[in-house]
Amino acid sequence: RWNAWHEQYADPASPLSQRLAVVVSRIQQAVDRVPPGPIRIISVCAGQGHDVVSALQGSPRAADVTGFLVEADGTNVAEAAAALRDARLTGIEAVCADASELDTYRDMPRADVLLLCGIFGNVSDSDVQRTIEHASTLCAPGAFVVWTRHRRAPDLTPRIRGWFDAAGYDEVSFDSPGADSFSVGMHRLRAEPAGPAPDVTLFRFIR
């Protein structure tokens, strides 16, 4: 099911492809704004890694980036791993694991760039809020978080932006073609990252 969903990327005019282009541009912006030195990235529910691979191919900072694409679907993980190899992004690993469990990230370095894309439209509102409240447990100080959510009624994005503010983030950007379309947000952590929180389930997909 989830690997078939990625077939929409083959159509450059599809809303998914249009959203991908915005996500890629925001990842590139975040990577460029991380201070010189190593950059760590974590993608939660990474799918086939189209966004990370596209953002880093040809980037002058690609060699600085290490991290993990966390995805539960084995076919998608294999596709992501192949794409990373083809792009020579040797510092990034595609990991087959349950991205919804905080314990999955226990041994991963905290991220300078955290991706929460393709999640918020598929889980309950309370799970969206819980994920935002716990996201900084995965973050390094000053980390950037890129997220996506559709804007179909009732539009949850105003509440999402408020939840990020309440959790200690500053909004960097919010991109959307308009109501009933997609949105891509980017926030930067202003608060101190939270400590480890074992045994927390961030979300469960309901769609």
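**The hairpin and the salt bridges**

Guide: In this predicted model, strand E6 (residues 169–175) and strand E7 (residues 182–189) run antiparallel and are joined by six bridges. One of the pairings can be named: Asp 170 has Arg 188 in E7 as its bridge partner. The two strands form a hairpin, with six residues between E6 and E7. Gly 178 sits in that turn and has a positive phi of about 140 degrees. In a regular strand, side chains alternate between the two faces of the sheet.

Now the side-chain contacts between charged residues. The structure holds twelve salt bridges. One of them is formed by the side chains of Asp 112 and Arg 40, at 3.4 Å from N to O. Asp 112 belongs to strand E4 (residues 111–116) and Arg 40 to strand E1 (residues 39–44), so this pair ties together parts that are 72 residues apart in sequence. The relative accessible area of Asp 112 is 11%, which falls under the 20% cut-off, so Asp 112 is buried. Arg 40 has a relative accessibility of 31% and therefore counts as partly exposed.

Another salt bridge joins Arg 106 and Asp 103, where the closest N and O atoms are 3.4 Å apart. Arg 106 has a relative accessible area of 60%, over the 50% cut-off, and is therefore exposed. Asp 103, at 37% relative accessibility, counts as partly exposed.

A further salt bridge brings together the side chains of Asp 125 and Arg 159, with an N to O distance of 4.0 Å. Here the elements are helices: Asp 125 is in helix H5 (residues 125–134) and Arg 159 is in helix H6 (residues 157–166). The two residues are 34 residues apart, and the pair links distant parts of the chain. Asp 125 counts as partly exposed because its relative accessibility is 34%. Arg 159 also counts as partly exposed, with a relative accessibility of 47%.

Note on methods
Residues numbered from 1 in each chain as written. Predicted model: local features only at pLDDT ≥ 70, side-chain atom pairs only at ≥ 80, totals over all residues. Heavy atoms only, no water. Pairing = 2+ DSSP bridges. Helix = DSSP H or I, 4+ residues; strand = E, 2+ residues; numbered from the N terminus. Buried < 20%, exposed > 50% of the residue type's maximum accessible area, 1.4 Å probe, protein only.
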